[in-house]
Amino acid sequence: MVMDVQPEQIANEHFDLVVIGSGFGSAFFLHEFLKRRKARVLVLEWGRHNTHEWQLDQNANTDIDDESTYKTDNADKPWNYTIGLGGGTNCWFAQTPRFHPNDFRLKSTYGVGNDWPISYDELEPFYCDAEEVMSISGDPDMARMLPRSRPFPQPPHRMSTPDRMMKAAQPEQHFVMPTARARVATAQRNSCCANLRCWLCPADAKFTANNGLMHVFQHADVSVCLGAEVRRLDHSAGSVRSVAFLRDGKEYSVSGELVILGANAIQSPAIMLRSGLGGEFVGLGLHESYGWNYEVYLDGVDNFDGSTITTGLNFGLYDGPHRAEHAAALVYFENRWQHGMRAEKGRRQALPLVIVTENLLDPENRVILDKNENAFVSFKGASDYATKGMAKALERLPALLNPLPVEQIFDRGIRPTESHVQGTLRMGTGPADSVVDRDMIHHQLRNLVVVGTSTYPSCSCANPSLTAAALSLRAASRLA
């Protein structure tokens with residue numbers, strides 16, 4: 001184990017695995033692979049290792065500004081990610097719903113979007129494994145909507161009063177939010193104290209690489225090279241032959257039997273484009289779900305008495321024949337007062353809501369290269385399918401909220417980003433529809449595995465990180 005191996009020590013060396021990036025996709029792949037097989041592993045991470053203590057002291061997840069790592073033609077659209085050991089595990093809010101079974105078969109069921117080359121049932125055991133690794137807190141009643149073979153590792157968080165009223169009236173569709181914010185303290189993590197600062201949890205209740213995945217990077221067979229910006233995959237005869245990276249302006253090269261590409265959905269396609277691996281779909285279909293803020297004033301019912309930042313998840317606007325015409329919508333019930341307290345009577349009688357709709361992949365939303373061969377994001381906006389779904393969700397919202405004494409619903413505006421970067425190296429059945437196959441192996445370069453949310457061929461309403469972890473566990477189990 002070398003946590004910060006110097007590039008001169010590994011230059012021109014050969015490894016069993018060369019892993020690019022260290023976020024959800026890469027770390028969970030390694031977690032599973034190393035349990036099953038002994039291998040000499042090199043992790044190349046562009047950023048550095050920022051401990052939890054450093055992050056708290058600096059009030060930041062990383063020392064690298066994500067906006068400095070790409071250019072864009074749409075300055076109004078941010079794409080949030082963390083460069084550093086652990087990647088998105090540092091900055092995520094730790095919301096962990098599974099994708100809906102019909103998210104995997106959108107095209108065959110509703111005639112829009114794309115199907116995944118795997119099913120919910122195939123991924124379900126690996127959802128359970130990922131939930132176990134992260135000690136997920138969840139509502140057992142959620143199995144009514146999202147079937148499961150094992151119980152959640154931790155009990156659900158305490159609901160807010162509005163959530164309890166909604167769940168009593170709509171038990172088939174309203175559930176406690178599943179989350180990697182501990183309900184019960186673990187050996188590595190404290191219990192969530194609802195301080196509402198989840199991007200950098202001061203209580204260290206949220207699952208991160210620092211408190212849950214360091215065994216991967218500190219494994220005896222793993223070397224980690226920090227500050228290593230991968231620029232190119234050199235390839236021939238159907239295989240990646242070497243990986244070229246920069247450290248302090250100097251280029252180095254290593255080789256590997258298997259190469260795991262898990263940078264993110266902006267940087268991973270940029271690496272492939274610089275490598276002459278454009279193909280028909282590389283970089284195309286950059287997306288995330290589409291979100292909007294609302295606030296509900298309640299008559300005589302207090303809120304903000306739950307035990308975590310988001311306490312409820314309502315599927316009443318999610319699945320059904322309407323998805324042939326407009327997007328599914330997922331309603332998040334918030335236990336945080338991001339719009340402030342009410343100024344008049346009943347200061348806590350307010351309910352912030354976030355509505356998120358699914359999106360469709362559009363080839364005009366893409367990652368290309370600028371004149372310096374760095375990532376350039378060209379993004380025209382959300383699909384009509386997503387925006388129509390949001391409009392329909394707002395129409396149906398009053399009826400959905402019938403169990404509550406609603407005084408008024410306020411539009412609090414679009415959410416600039418959901419901080420979910422997805423879809424530029426999609427999985428599918430073959431080169432005619434995708435970049436990688438159902439096992440996340442590149443269709444042409446059979447020793448190249450792409451992990452993380454860049455592989456998503458469709459855009460669920462649900463948060464993507466749990467699914468990324470489960471996909472990596474599955475891929476590693478099939479390759480180790």
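This report describes helix packing, nonpolar cores, aromatic pairs and selected residues in a predicted model.

## Basis of the description

Residues are numbered from 1 along each chain as its sequence is written, and side-chain values use heavy atoms, with hydrogens and water left out. Because the model is predicted, local features need pLDDT of at least 70 and side-chain atom pairs count only at pLDDT 80 or more, whereas totals for chains, interfaces and linings use all residues.

## Packing of α2 against α11

Helix α2 (residues 24–36) packs with helix α11 (residues 465–479) at an angle of about 35°, and their axes are 8 Å apart. Axes here are lines fitted to C-alpha atoms, for helices over the stretch in contact, and angles run from 0 to 180 degrees between N-to-C directions; helices (H or I, at least four residues) and strands (E, at least two) are DSSP runs numbered from the N terminus. The crossing of the two helices, α2 and α11, is right-handed, a term used if the near helix is turned clockwise from the far one by less than a right angle, with left-handed for anticlockwise.

Contact means heavy atoms within 4.5 Å, and on the α2 side the residues involved include F24, F28, F29, F33 and R36, which meet a set in α11 that includes S465, A469, S472, A476 and L479. The residues of this contact divide into 10 nonpolar, 5 polar and 2 charged, where Ala, Val, Leu, Ile, Met, Phe, Trp, Tyr, Cys and Pro count as nonpolar, Asp, Glu, Lys and Arg as charged, and the others, Gly among them, as polar.

## Nonpolar cores

A nonpolar core is a set of buried Ala, Val, Leu, Ile, Met, Phe, Trp, Tyr and Cys residues joined through side-chain atoms within 4.5 Å, with buried meaning under 20% relative accessible area, exposed over 50% and partly exposed in between (1.4 Å probe, protein chains only). The largest such core holds 98 residues, of which L17, F29, L44, M134, F217 and V243 touch the most other members; its largest share, 8 residues, comes from α11. Apart from this core lies another, of 21 residues, among them F333, L353, A386 and L397.

Not counting residues up to four places away in sequence, F29 touches L17, L258, I260, V449, V451, S472, A475, A476 and L479.

A130, found in helix α5, is buried with a relative accessible area of 0%. Its contacts, not counting residues up to four places away in sequence, are F28, L466, A469, A470 and L473.

## Aromatic pairs

The whole structure contains 19 aromatic pairs, in which rings of Phe, Tyr and Trp (its six-membered ring) have centres within 6.5 Å, with planes under 30 degrees apart counted as stacked, over 60 as edge-to-face and the rest as tilted. The rings of Y70 and Y81 have centres 6.2 Å apart and planes at 40°, so this pair is tilted, and both residues are buried. Ring pairs also link F99, F104, W116, Y120, Y127 and Y456 into a cluster.

## Positive phi angles

S135, which is not a glycine, has a positive phi of about 50°; it lies in the loop between α5 (120–134) and α6 (161–169) and is buried at 15% relative accessible area. M440 has a positive phi near 70°, lies in the loop between β15 (406–414) and β16 (448–450), and counts as buried at 1% relative accessibility.
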